[in-house]
Amino acid sequence: MSGQPSGNPSGPRPTANGVGASGMASSQQRTDPQVGSSTSNGQSGSMSQSNLNSIVIEYLSKKGYSKTESMLRQESANQDVEGRPVNTKAEETGGAKYGKAFGLMQSWIEESLDIYKPDLRRLLWPIFVYSFLNLASDFFPKDSGHFFESFKSGFGKEHEDDLRALQPISMPEHVLNNDTAKIYRSNKYRITLSQVAFLNLVQFLESKEKDGGAVIVGVIQSYLQVITIDRVADDQNSLARLLKRARANEDYPAEDEGIPGHNPGSANVDRSAGSTVLTRLKLGHMPLESDLMGDVRAELDEEDAKNPPFTGQDSLIQHFEQRIKREESEDAPTRSELQLPPSIARDVAMEVQKVKEDRDRFKIEGRTGGVGPGVSVTMFTFHNTYDSINCLDFSEDNMLVAAGMSESYIRVWSLDGKALPTTVQPGSTEQPPSASRRLIGHSGPVYAVSFSPSIASSNPHAPSTNSKHLLSCSADKSVRLWSLEAWTCLVVYKGHDYPVWDVKWGPFGLYFLTGSLDRTCRLWRTDHIEDLRMFVGHDKDVDTVCFHPNSAYVFTGSSDRIVRMWAVANGYPVRMFTGHTGNITALACSPNGKMLASADDAGTIILWDLGPGKLKKRMRGHGKGGIWSLSWSVESTVLASGGADGTVRLWDIAIGNDASGQGRVIGEGGVGQKIDGNAAQMQAVAGAGTKKKGKDVVVTSDQISAFPTKKSPVYKVRFTRQNLVVAGGAFLS
């Protein structure tokens, strides 16, 4: 037995069929010395293994064991020359499978059509993260490190913080203890793709199933929430928009992309935010329709020909082109999202006049050498009201002012003292023309009035751009739409269950907002009798409301001391601002759409940065009793405020103040005395050693000036389009 060759075929048995193996050994005795000499010479047994498989297959074929023969042929096809199994699928290659699959997908995406690349590239980051974490958790430290270093370069600009947090991971315990890894592994990554791009992806992965497609499909099914959307005309996923996005080579995440608590596309950059996700906002200006833009250009060219600009002054068409270029932004909503009607001739006339006023306005560039801009304030005081005025509003064409009365009616005056226009024929039973009108219809005190959007026009041949309608809300739980031509009520809107505190027109004159004691804000459309949206979330009544300049968002302020921001398209809340110590009494969004000012009845104004949803600064100067109105300059650099303390105050937005917003204690001076920021600081320094008195107030350094009235609480302040402040109040008798 010691002389028996070690390579005897009866020794190794590569197949489970023992009968076949023993029969083969007895019939092939002549091959034994050759096999034995091969092994004894120290060479590999590969020839033996390969020949053995062939011999067994031949034997099974002769004996008619077709099923066993088929199985052995299949196994032999997936073995190397030494008998070890050969991996023919990417998912069978251990840790290297993720690198092979990711590289395959990355190459395919870069070779795809340009219109689909921006969407498909969004898939690379989540697949990269989850593949890397799977390698580490499956105990492939070398493979995970190689994978990370090989593919991280494409994500450095957008996901720098995440890459820094994930780089130390190489072991399963690292995955369990790393905060960023835990967030990714415990949540699905949300991503939105166009339907065509997603179908192309699925077809590719199915065609490359053995080359790595199955690995990518497994990652997508386990860790991604893919939302597919159709491509429609004039939508953010239209062919034109996809082509523009491809040319722009965007490198920021799309809206709603990411995972709760750690969304790269979110404005919330706080790692400890839990499940809070701040949606990326579309704060850009609403783009003009192409037809409207063409008509406006034609009108401006004609106007420039009639009235050439002065030396050194831009022409109207030049100013218009500069403004359009400045306002172009990818984060702007489309008209289809808000369902706005097509433009008409009146819209052309309004846009032309806006360009004129914007070019010729008094420009507020900010502080110069520590001196604030010289903004003028015109104050309209109402006498003999017997404390019956609840609210005021000025029309944007600077022609009318309306007051809501506690006696349930509305009174409208012309600011120039001329008779109000009317469409009523002479000789009728209507009252003769006069400088004021009463609008009667409510059965309770009127709490808010709002003029429809308008602008003063100097062209008598152009369509009228004056205010044509007025909205009012009342304790009778209704909102009324009034005609300022026929001076009668056109529509009564009912839906609120309790008194309605506030009403505001939208920027385009079609939608309007209401806030009520029933804790809801409602969105209405003038041609619909019922509300379109109901914004619910406040714990107490909604006291004040306002629109974003592009009309895509609305803001609500409540007695629960919280300001909320809502998306008009779907009614979802997108921001919540907390920090006030009193009830919210006034809201105003900046013309550039990036900031919000909110005021409370404790005399504090807070500026909010809408993008990141953060508090920008606090401004103090008003006495207690409530700040009832806020308004921004055209440049969004100065804020005007008015309230119960009988003052109109101007604030510098650019200048900072101390972090606490406490400011300095100063004396408010005598009645009718103008106070500016520099004088306030000098007075504070001079009286630093004096004791604080009851009439003293705290003023922060960003106050430019204050204009006290004699005895008139200020109900309304408004910046005109030429940066003049118009204010109104009632004299307390």
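Axes here are lines fitted to C-alpha atoms, for helices over the stretch in contact, and angles run from 0 to 180 degrees between N-to-C directions. Helices (H or I, at least four residues) and strands (E, at least two) are DSSP runs, numbered from the N terminus. This is a predicted model, in which local features need pLDDT of at least 70, side-chain atom pairs count only at pLDDT 80 or more, and totals for chains, interfaces and linings use all residues. Residues are numbered from 1 along each chain as its sequence is written, and side-chain values use heavy atoms, with hydrogens and water left out.

**View 1. Helices α5 and α8 cross at roughly 20°.** Let's start with α5 (residues 96–110) and α8 (residues 141–151), whose axes come within 9 Å. The two are therefore roughly parallel to each other (angles under 35 degrees count as such).

**View 2. The contact of α5 with α8.** On α5, look for A96, Y98, G99, F102, G103 and Q106; their partners on α8 are D143, F147 and F151 (contact means heavy atoms within 4.5 Å). By class, five residues are nonpolar, three polar and one charged (Ala, Val, Leu, Ile, Met, Phe, Trp, Tyr, Cys and Pro count as nonpolar, Asp, Glu, Lys and Arg as charged, and the others, Gly among them, as polar).

**View 3. An open sheet of three strands, ordered β3-β32-β31.** Its pairing is mixed (two strands pair if DSSP finds at least two bridges between them). At the edges, β3 (377–382) and β31 (714–719) each pair on one side only.

**View 4. β31 alongside β32 (residues 725–730).** These strands pair in the antiparallel sense over five bridges. Here you can find V717 opposite A727 in β32.

Terms used. Parallel < 35°, antiparallel > 145°, perpendicular 65-115°, else oblique.
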